[in-house]
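Please read the numbered points alongside the sequence and the coordinates.

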Amino acid sequence: MTKSKHNQTLKTAFFLLAVFLCFTEPNAVSSESYASFSPAIDSVMGFVSPSISNQSLSEISGNPASQDDTTGIVCPEDISIYTDLNSCVAVISNGLDISDPNGIISTLSWEMTGATEAASNGSGINQIGSYTFNQGTTVITYRGATLYNNSINCTFTVTVSDNQVPRLISSPGHITVRNLPGECYANVSWTEPSATDNCVPQDKLIYTSNYSSGQRFPVGSTLVEYRISDGVNTAVHNFTVTVTDAEAPQLIAPPDSESECGQPVPDAFTTWAQFEQAGGSANDNCSVNYGSFRYVGQTSSGITCPYKVTRTYSISDDDGNVSEVKHVIEVTGEGMAYEATVESTEPEVLLEPGAETQAEILFSKTDVSCKGSRTGMVDLTVNGTSGIVSFVWSTQNGSGIVQGAEDQSTLSDGDYTVMVYEDGVRLLSFDFSILVSDNQAPVLNAPAAIQRKCGQSIPAAYSTWSEFANAGGTVRDNCQIYYSSFRLASESKSNPDCPYTLTRVYEITDVNGNRGVAEHLIAVEAEEVVLKSGMGTAATISYSKTDVSCYGGSDGAIDLSITDGSGAYTYSWTTSDGSGLSASAEDQTGLSAGTYSVTVTDDGDASTVSTSITITQPAEVILTTSATNVS
């Protein structure tokens with residue numbers, strides 16, 4: 001608070017009072033009264049001497065006695081506040097008035113400048129009380145006086161700030177569009193978002209975004225961000241633009257090939273590398289998922305030559321669009337043929353365009369597992385009808401139809417037609433085929449292994465199925481074996497010299513082209529080894545062995561026998577491709593497949609001899625399967 005100055009009249013009165021008190025006895029005048037006087041000429045001071053009578057100071061001067069009465073008056077503190085909700089002003093009802101607990105203010109007025117401009121009346125005591133202030137800073141000044149005529153001068157500020165972001169009125173929302181044909185993008189347009197603000201007009205709001213309407217967007221989801229500002233506060237609004245890829249890749253098969261009847265049909269391509277190496281290719285408007293390549297299945301046009309084997313392959317792009325292609329193998333000549341796998345179908349919805357009743361018909365089928373069997377099934381489910389539904393079935397080359405039935409369960413492979421009626425009105429007519437679906441390879445078992453001594457003749461390979469079967473070979477299949485496809489696929493030796501194992505791989509296919517393989521082993525052992533003892537006695541080493549019973553197992557064993565020596569021997573075993581050795585033992589157990597070498601030292605004369613023994617194992621059983629994607 002700023003104290004007011006005394007006016008000149010009051011100062012003069014105080015001076016005269018002081019002079020008067022100098023010529024009177026101490027304490028003769030109290031603070032409440034003084035002695036009035038009549039005029040008389042003082043010979044000493046040269047002014048009129050008073051004539052004293054008791055009278056109030058206020059009665060003389062008409063004003064209170066001068067003193068500082070502003071100490072209880074408190075000016076308001078500066079105020080900082082935010083705008084009211086959805087408004088650009090703030091209504092303030094507290095903290096605007098000067099505090100006057102003693103009621104000493106006699107006159108008071110106020111004036112506002114800055115963001116809010118206003119003023120009170122010039123007379124009386126005027127406090128603000130409550131007021132509505134605009135955004136920004138308002139300077140408030142109080143002016144007035146106390147009962148003792150001390151001046152009042154008080155200034156403080158009210159600052160109203162806007163902390164409200166613009167409010168969104170409309171948005172395009174999330175957008176989903178399809179790619180442009182042949183492209184991996186789409187040009188996407190939308191209506192710009194709009195907003196309103198508590199302070200700034202709509203046309204003055206500032207819009208910025210990371211993408212603009214009409215821009216090119218790639219396949220996938222892109223986040224579009226709009227920032228809407230009133231100059232102080234910023235609202236952020238996001239939506240996504242999703243471009244879907246609806247185009248399947250283009251899968252191009254290798255050139256069609258030919259095979260002579262009786263010769264094995266080339267294996268199907270099971271990897272993309274094989275397919276591509278044979279001349280196949282794929283392209284897509286976006287990107288091909290080469291890891292999705294798969295062999296779907298195959299069919300043949302008959303079971304006697306000449307015929308065609310048609311294999312179906314599929315691949316997808318990174319967005320899951322699937323494309324299929326067929327590769328044809330022409331088999332020429334006469335003889336047995338292949339009939340191969342085609343997957344069964346998942347349910348699909350069928351609708352007849354233009355039908356009076358748009359019924360929904362769910363269709364699924366199961367192909368036959370073998371040529372000539374009657375295990376094909378069709379399952380129909382009709383929804384959305386209210387009348388009597390009937391079915392008429394027909395076929396030109398199949399069998400097993402139960403006429404009038406909704407579903408079929410005894411169909412052979414072949415081509416079929418079904419017509420669906422409601423109250424005699426046709427809802428739908430469609431064609432389908434029951435195909436042969438066989439993915440199981442034949443199980444081929446080789447004859448018993450043969451053992452020969454080094455130098456003995458080795459039996460010739462089996463060239464026909466009858467030779468293989470007569471030697472003890474067997475085969476079984478879920479469908480039908482194509483016996484004329486039997487052949488020797490490969491032959492290999494574990495060592496160039498004795499001892500060694502001769503491994504012959506035979507294969508056979510069923511009529512659907514599934515291939516089974518088996519290994520036939522011929523073990524050629526080393527000649528007997530003669531040890532010379534220090535006493536000149538001939539010692540003989542021989543052995544028996546047990547091969548591994550299952551592929552990858554470790555139950556092989558070797559039993560050594562030394563005769564005619566000194567009777568005391570030291571054994572040293574080594575191997576480069578086997579496992580399970582006990583390096584200094586005479587006999588061995590727990591061996592895996594491999595070649596084992598042993599050096600036997602006669603403790604009598606330190607003479608040594610070495611030999612190698614091969615432990616074999618059955619061929620690895622490979623199960624080939626195929627899967628069908630859900631459409």
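Predicted model: local features only at pLDDT ≥ 70, side-chain atom pairs only at ≥ 80, totals over all residues.

1. Is cysteine 550 buried, partly exposed or exposed? Cysteine 550 has a relative accessible area of 48% and is therefore partly exposed.

2. How many disulfides does the structure hold? There are five. Three of them are taken up in the points that follow.

3. Cysteine 75 is bonded to cysteine 154 in a disulfide, with 1.7 Å between the sulfur atoms. The torsion about this S-S bond is about 70°, so the disulfide is right-handed. Cysteine 75 is placed in the loop between helix 2 (57-61) and strand 3 (79-82), while cysteine 154 belongs to strand 9 (residues 151-161); the pair therefore ties together parts that lie 79 residues apart in sequence.

4. Cysteine 75 has a relative accessibility of 22% and so counts as partly exposed. Cysteine 154, by contrast, is at 3% and therefore counts as buried. The cut-off behind both assignments is 20%, under which a residue is called buried.

5. A further disulfide is formed by cysteine 88 and cysteine 199, whose sulfur atoms are 2.1 Å apart. This link is right-handed, with 105° about the S-S bond. Distant parts of the chain are linked by the pair: cysteine 88 sits in the loop between strand 3 and strand 4 (89-92), and cysteine 199 in the loop between strand 13 (194-196) and strand 14 (206-209), 111 residues apart. Cysteine 199 is partly exposed because its relative accessibility is 22%.

6. Cysteine 184 and cysteine 286 are also joined by a disulfide, with an S to S distance of 2.0 Å. The link is right-handed, with 110° about the S-S bond. Which parts of the chain does this pair tie together? Cysteine 184 is found in the loop between strand 11 (175-178) and strand 12 (185-187), and cysteine 286 in the loop between strand 20 (281-283) and strand 21 (288-300), so the bond connects parts that are 102 residues apart in sequence.

7. On accessibility, cysteine 184 is partly exposed because its relative accessible area is 27%. Cysteine 286, at 22% relative accessibility, likewise counts as partly exposed.

Methods
Residues numbered from 1 in each chain as written. Heavy atoms only, no water. Disulfide = S-S within 2.5 Å. Helix = DSSP H or I, 4+ residues; strand = E, 2+ residues; numbered from the N terminus. Buried < 20%, exposed > 50% of the residue type's maximum accessible area, 1.4 Å probe, protein only.
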